[in-house]
Amino acid sequence: MSVPSSSRSPCYYFKFGLLVTGRGEEQYLPQLFRSLMETGICSFEVIGKVEQLNPITSKIKKLKMVGSRKTILSKDEKRIGIPAREYIKSDPCKYVILIDDLEADRQEIAKEVFDRYRTILDTMLPKQKNQTSVHFLVNMLEAYYFANAQSINKVLGTSLRDFAGDVETIRHPKGELKQIYSGFQEVRDGGKILQELDVTHILANPETCAALRTLFAWCLKIIQQYPYADDLDLNSLEELYQIKTGKLYEVTASQLDLLLS
């Protein structure tokens, strides 16, 4: 998965700023990217917790936007667009990723939700579109714990086995955890589980976890622009994540093409 050389100065270290919609993600989501950070050429940090958005259906809001000649709502500009722009500024080695939970009842509107987030970032950063992306955790972060059950067992003392199917089909994984372990706490226990979570194990099955794989494919394609990428054997991560052979999430996969433009 090579990325064409650019005329801009090369990046020797990549910084990813995360805009998240969940309380637990605000506390500990960077740990999810541990396998990427172990390369030593990138870091992830949460730069803000934002409101979870749905498509704009209000005729009044749409009329106000038309009347003011705006393509996005003022609150979306303030809460998402400005923080993203401030983080990137003019630094070509900084990237913003907006990550939202895509619960079961929102999956039918996933494309419309994606388009709203994407429009905010494109409007606020028209010349830096390829430095931003939008991705979903399906149905929520806790789903991926079940694809690496050993991480749950180690923290909660359970004896679960890896979920047999695609964990992105579990309707309410947080509820499932609370049924299995009544004392489960999203922040306290979730943070500990994430420290044990092995993303390469989760993405080893090419038929599952399309949304998560697409997120990691985007991040990996970014850091593969490192001038000495061959020395780090980043292609091995590509294989571990099953990027070439695994399923990608069609709603967000289009952003991979932007990196080639």
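**Entry 1: the model.** I am working from a predicted model.

**Entry 2: the sheet.** I looked up the strand order first. I found an open sheet of 4 strands, ordered β2-β1-β3-β4, with parallel pairing. Next I asked which strands stand at the edges. They are β2 (42-49) and β4 (132-138). Each has a single partner strand, so one side of each lacks a neighbour in the sheet. From one strand to the next, I noted an average twist of 30 degrees.

**Entry 3: β3 and β4.** I then took the pair β3 and β4. Strand β3 covers residues 94-102, runs parallel to β4 and is joined to it by 7 bridges. I picked out Asp 101, whose bridge partner in β4 is Leu 137. I also checked helix α10 (residues 210-223). It packs on the sheet and touches β1, β2, β3 and β4. Its direction makes about 150 degrees with that of β4.

**Entry 4: helix α4.** Helix α4 (residues 74-88) lies across β1 (14-20), β2, β3 and β4. I read its angle to β3 as about 150 degrees.

Where does α4 kink? I found the kink at Gly 81, shortly before Pro 83, and it is about 35 degrees. Just after the helix, Lys 89 has a positive phi of about 45 degrees.

I listed the buried residues of α4: Asp 76, Ile 80, Gly 81, Ala 84, Tyr 87 and Ile 88. An α-helix has 3.6 residues a turn, so residues three or four places apart point the same way. I looked for what covers these buried residues, and found β1, β2, β3, β4 and α5 (110-124) among the elements that do.

**Entry 5: the disulfide.** How many disulfides does the structure hold? I counted 1. It joins Cys 11 to Cys 93, with 2.1 Å from S to S. The torsion about the S-S bond is about -95 degrees, so this disulfide is left-handed. The pair links distant parts of the chain, 82 residues apart. Cys 11 sits in the segment before β1, and Cys 93 in the loop between α4 and β3. Both Cys 11 and Cys 93 are buried.

**Entry 6: other cysteines.** Cys 42 is in no disulfide. Its nearest cysteine sulfur belongs to Cys 219, 7.9 Å away. Cys 42 is buried, at 3% relative accessible area. Cys 209 is in no disulfide either, and the nearest cysteine sulfur, that of Cys 219, is 15 Å away. I noted Cys 209 as buried, at 1%.

Note on methods: Residues numbered from 1 in each chain as written. Predicted model: local features only at pLDDT ≥ 70, side-chain atom pairs only at ≥ 80, totals over all residues. Heavy atoms only, no water. Pairing = 2+ DSSP bridges. Helix = DSSP H or I, 4+ residues; strand = E, 2+ residues; numbered from the N terminus. Axes fitted to C-alpha atoms, helices over the stretch in contact; angles between N-to-C directions. Contact = heavy atoms within 4.5 Å. Bend = angle between axes of the 7 residues up to and from the residue. Buried < 20%, exposed > 50% of the residue type's maximum accessible area, 1.4 Å probe, protein only. Disulfide = S-S within 2.5 Å.
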